[in-house]
Amino acid sequence: MTNTSDGFVSRYGAGSPSMANFGRIPAQPDAPGDVWKGMGGMEPNDDTLSGMEIPLYAVADGGAADTDAEMAQALRPPHKRVWLIVLLSILGVIVVAAVAGFFTARWYYQDKAAPGITFAGVSVAGQNRAQLADTVKQAVNATKITVTDQQGNTVTASLKDLGVAVNEQQTVSELVSAKNANPFMRINPFAKQSVKLAATTDKLALSEYLTGKLITPDQQAIASTISYDDASSKFVVNAGRGGQTPVIDTVTKAVDQAIDQPGSVRTTSVSYTQTDMPISEAAAAQAADQANAGLALTITVNNGDVTTYKIPAATIASWTTTTADPAKGTIAVSYNKQAISEYMASELGQHLNQTKTNQVDLVDASGNVIMTKTKGVNGVAIKDTATVADQVYSALSGNRSATLTVASDVTTFDTEQQKVTWKIVVDRFKQTATVYNNDQVVQTFNVCTGKTGKHETTPGNYFIYLKYKVQDMRGSNDDGSQYLTPGVKWISYFNGGQGFHTANWNASGIASGDPTGHGSHGCVNMNEADAKWIYDNCPEGTLVQVVGAQPTSPVR
């Protein structure tokens with residue numbers, strides 16, 4: 001209805017003068033978004049609809065009905081579109097929640113046992129490594145096997161008693177990594193997986209335990225074995241003997257079941273058989289030869305710089321393991337991979353890491369290098385010992401020597417130059433020691449250097465590195481006997497055991513400059529006042545240059 005000056009009249013009512021015979025039809029029928037146009041080319045009544053375009057589903061009325069109501073109804077979208085939008089929104093929320101839940105679960109279980117993982121018949125989902133380690137220990141401690149023989153003798157043994165070596169760390173790692181192959185299945189609680197103990201069984205140890213517990217000593221059969229002898233640094237054979245030995249098949253089966261499902265007490269029986277020797281000396285000797293061949297291998301590891309470490313034979317011996325099978329009469333030799341890995345992780349750095357040391361070069365006034373006072377050393381920090389441990393294990397298992405390089409971080413040393421201010425020139429030909437400071441002569445002293453042809457003072461560039469006010473000197477005479485000179489004063493070492501010092505016992509050799517007849521064992525013999533002057537005035541780091549030919553007779 002429209003309010004006009006004539007009162008309320010129907011806007012599209014029949015008989016309206018201005019709207020007579022006016023009907024609305026779409027400009028292009030059946031096309032979504034079409035607008036209605038007046039018949040006879042008339043423009044649409046934009047005034048009534050405030051500029052809105054009326055869609056296709058608004059039906060024209062010839063004025064016989066309430067067209068306003070129909071248009072309003074036509075402007076509403078279909079109900080099914082509303083439900084589609086709602087449904088898609090709900091699905092979107094579900095997908096976002098599922099994705100968020102997936103990544104949250106993956107993060108939560110990244111270092112824990114996943115849902116659906118069981119150990120010893122119990123769920124361990126959500127347990128971290130420390131908790132899993134406790135769970136494994138409790139299960140191992142609770143695992144017992146009761147063995148009964150035909151005479152009614154009984155023994156209840158732990159896994160360790162029966163020669164089972166449990167690798168707790170590996171078991172925990174397998175629990176944490178279980179179901180890792182598929183990230184979706186990993187967090188699926190309906191995907192089940194049982195993890196057993198990571199363990200190995202020494203059948204000889206099992207047999208020996210039962211033998212010791214159930215068979216009297218005088219009736220026991222003893223297998224030949226091998227062991228490492230510290231005195232000879234090699235593996236030797238320990239001969240066995242004949243007698244009764246247990247038939248361990250049933251016990252071995254019970255042990256295997258306990259490893260698969262630990263945490264309970266199992267019962268089994270055992271019988272005995274008479275044997276000459278469970279493992280012969282010949283089989284043990286063959287195993288000893290194989291183990292000793294491993295000790296003869298050369299396994300060296302370098303740090304990628306200048307330091308190399310050779311694995312000692314005694315260390316290789318500690319990695320050597322034997323697996324004896326009395327039923328087969330054999331001894332197999334192998335290497336403990338975990339022990340190698342642990343050794344490399346804990347010990348290799350002590351031998352191959354290097355502390356960075358800057359090089360110090362002594363230079364003259366013109367900057368020319370006279371000598372290197374301190375040799376530069378690169379800083380080295382080794383890393384990734386696991387890789388080189390695998391390489392060592394592979395080399396030993398393949399019975400081959402190997403030179404290996406461990407990954408490392410290297411920090412290059414810097415070079416510093418130190419200008420020489422104090423310098424002592426020992427002239428062997430003149431048998432003098434001249435002291436310079438900033439290339440100016442300060443003092444010249446008479447000396448007697450090392451004996452010609454036997455203990456000559458070594459030519460070259462050195463520096464004073466160690467001083468003693470007094471020291472007892474020891475050494476070897478030419479005939480091999482030992483000498484001791486107590487209370488030697490004012491010593492300034494510059495080349496190993498060669499140095500300046502007081503030599504009151506060689507006053508004539510110093511006075512005459514005669515190293516052929518009165519030469520020292522390599523040191524520079526001096527009068528006491530002169531040796532003290534050098535000790536007092538020439539600091540550590542003073543350059544010492546030994547020059548000149550050795551005289552064949554006294555020079556003074």
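User: In which strand is the place of Thr268, and does Thr268 count as buried or exposed?

Analyst: The model is a predicted one. Thr268 lies in strand 15, which spans residues 265–269. Burial is read from relative accessible area, with under 20% counting as buried. Thr268 has a relative accessibility of 13%, and therefore counts as buried.

User: Which residues does Thr268 touch, not counting residues up to four places away in sequence?

Analyst: Its contacts are with Ile145, Thr146, Val147 and Thr148, and also with Thr250, Val251 and Ala254.

User: How does Thr411 read on the accessibility scale: buried, partly exposed or exposed?

Analyst: Thr411 belongs to strand 25, residues 408–411. Its relative accessible area is 44%, so Thr411 is partly exposed. Leaving aside neighbours within four places in sequence, Thr411 is in contact with Lys356, Asn378 and Gly379. Asn378 is 33 residues from Thr411 along the chain, yet their C-alpha atoms are separated by 5.6 Å.

User: Which residues of helix 7 and helix 8 meet?

Analyst: From helix 7 come Lys203, Leu206 and Leu210, which meet Val251, Thr252 and Val255 of helix 8. By class, this contact of helix 7 with helix 8 has four nonpolar residues, one polar and one charged. Val251 in helix 8 takes part in this contact, and Val251 is also among the residues that Thr268 touches.

User: At what angle do helix 4 and helix 5 pack, and how far apart are their axes?

Analyst: Helix 4 (residues 129–142) packs on helix 5 (residues 168–177) at about 120 degrees, with the axes 9 Å apart. That angle makes helix 4 oblique to helix 5. Their crossing is right-handed. On the side of helix 4, the contact involves Arg129, Leu132, Ala133, Val136 and Lys137; on the side of helix 5, Glu168, Thr171, Val172, Ser173, Leu175 and Val176. The residues of this contact divide into six nonpolar, two polar and three charged.

User: Turning to nonpolar cores, how many residues has the largest one, and which have the most contacts inside it?

Analyst: In soluble globular proteins, nonpolar side chains tend to be buried together. Here the largest nonpolar core has 38 residues, and Trp319, Met344, Leu348 and Leu396 have the most contacts inside it. Elements that each supply at least two residues of this core include helix 10 (313–319), helix 11 (337–352), helix 12 (385–397) and strand 20 (330–335). Helix 9 gives the most to this core, with six residues. Among the residues that Trp319 touches, not counting those up to four places away in sequence, are Ala339, Ile340, Tyr343, Met344, Val392 and Leu396. Apart from this core lies another, of 33 residues, including Leu132, Val155, Val176 and Val251.

User: What are the totals for helices, strands and buried residues in the protein?

Analyst: The secondary structure comes to 15 helices and 35 strands. Of the 556 residues, 38% count as buried. Among contacts between residues at least 6 apart in sequence, 65% join residues at least 24 apart.

Terms used
Residues numbered from 1 in each chain as written. Predicted model: local features only at pLDDT ≥ 70, side-chain atom pairs only at ≥ 80, totals over all residues. Heavy atoms only, no water. Contact = heavy atoms within 4.5 Å. Helix = DSSP H or I, 4+ residues; strand = E, 2+ residues; numbered from the N terminus. Nonpolar A, V, L, I, M, F, W, Y, C, P; charged D, E, K, R; others polar. Buried < 20%, exposed > 50% of the residue type's maximum accessible area, 1.4 Å probe, protein only. Core = buried A, V, L, I, M, F, W, Y, C linked by side-chain atoms within 4.5 Å. Axes fitted to C-alpha atoms, helices over the stretch in contact; angles between N-to-C directions. Parallel < 35°, antiparallel > 145°, perpendicular 65-115°, else oblique. Left-handed = near helix turned anticlockwise from the far one by under 90°.
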